[in-house]
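Please keep the sequence and the coordinates in view while reading.

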Amino acid sequence: MNQNQIKWLATLLMVIDHVGFLLEIEPMRIIGRLSFPLFAWVLVQNWKRRDADSSAKPLITRLLLFGIISQIPYIMLFNKLDFNILISFALVVITFTQIHKAQANRKLIIMILGLTAAQLWGVSYGWYAVACPLLMINLKGKGDRMWWISWCLVNGVYAITSGYLLQIFAMLTPLILAYHDPAKDKKPSAIEKRFFYYFYPIHLAGLAAMRTIL
């Protein structure tokens, strides 16, 4: 699989997860647990490929803009007041940007600040929203033993502390990423690059409308 195919798979799994939430179908929610880590992986792949001197401001602005647009249908669908995944990823990019700019002895402090901010500001997935991409940026091939221990530990702690034990199935995500073939990666079309930003609020609004009917 190439990166674009993984992004489409993550989108499909997200829809399955959200429909499962709407219809209260637990197996769909289990499948959907793989979505966020896949999106986190895609985000960090884009981060790795960027020009080292390029500004992250356009990406942050785009994530925040569509995150704000998505917020009302997000609240209507899930009936909770935390910030949606796009705003979570905006915070991730801000954290990565500051870590990249910082001196070596300050990188850990900035990482901790990013994790803390995610939890205190109430973004979707809380501290896990930052921890997951931070781990994904260090995933190499099938991952080494220490990486797998860290990955399982983070997912296990989040599943327990969030009270949502189904999140434990997110541990399986790297098994999908093992099928990624970098040689097959290709530059996405303009439509593919922008599709998710428009699709995310539209699908939330559609499901929120269905919730008022059901």
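Which helices each supply at least two residues of the lining of the largest pocket? They are helix 1 (3-23), helix 3 (35-49), helix 4 (57-78), helix 5 (85-101) and helix 10 (190-213). Helices here are DSSP runs of H or I with at least four residues, numbered from the N terminus. The model is predicted, so local features need pLDDT of at least 70 and side-chain atom pairs count only at pLDDT 80 or more, while totals for chains, interfaces and linings use all residues. Residues are numbered from 1 along each chain as its sequence is written, and side-chain values use heavy atoms, with hydrogens and water left out.

Rolling a probe the size of a water molecule over the atoms shows where empty space is left. A pocket is an open set of points on a 1 Å grid over the protein atoms alone, where a 1.4 Å probe fits, with protein on both sides within 12 Å along at least five of seven lines; its lining residues have an atom within 4 Å of a point. The largest pocket has a volume of about 860 Å³, volume being the space filled by probe spheres set on the points, which are joined across faces, edges and corners. Its lining comprises 31 residues, and Lys 7, Asn 46, Leu 59, Arg 62 and Tyr 197 lie nearest the centre. By class, 14 of the lining residues are nonpolar, seven polar and 10 charged; Ala, Val, Leu, Ile, Met, Phe, Trp, Tyr, Cys and Pro count as nonpolar, Asp, Glu, Lys and Arg as charged, and the others, Gly among them, as polar.

The second largest pocket holds about 450 Å³ of space. Of the 21 residues that line this pocket, Arg 29, Arg 33, Lys 80, Ser 124 and Tyr 125 lie nearest its centre. Helix 1, helix 2 (26-32), helix 3, helix 4 and helix 8 (145-162) each give two or more residues to this lining, and the largest share, four residues, comes from helix 1. The lining of the second largest pocket divides into 10 nonpolar, six polar and five charged residues.

Helix 5 has 17 residues, of which 13 are buried (under 20% relative accessible area, with a 1.4 Å probe and protein chains only; exposed means over 50%, and partly exposed lies in between). At the start of helix 5, a side-chain oxygen of Asn 84 comes to within 3.0 Å of the backbone nitrogen of Leu 86.

The structure also holds 19 aromatic pairs. Rings of Phe, Tyr and Trp (its six-membered ring) pair if their centres lie within 6.5 Å; planes under 30 degrees apart count as stacked, over 60 as edge-to-face and the rest as tilted. Phe 36 and Tyr 125 form a stacked pair, with 4.2 Å from centre to centre and 25 degrees between the planes. Because Phe 36 lies in helix 3 and Tyr 125 in the loop between helix 6 (104-120) and helix 7 (128-136), this pair ties together parts that are 89 residues apart in sequence. Both Phe 36 and Tyr 125 are buried. The ring centres of Phe 66 and Tyr 198 are 5.0 Å apart and their planes stand at 75 degrees, so this pair is edge-to-face. The pair links distant parts of the chain, with Phe 66 in helix 4 and Tyr 198 in helix 10, 132 residues apart. Phe 66 counts as buried because its relative accessibility is 10%. One aromatic cluster is formed by Phe 36, Phe 89, Tyr 125, Trp 127, Tyr 128 and Tyr 158.

Methods. A polar contact is a pair of N or O atoms within 3.5 Å; within protein, one must be able to donate a hydrogen and the other to accept it, and residues adjacent in sequence count only if both atoms are side-chain atoms.
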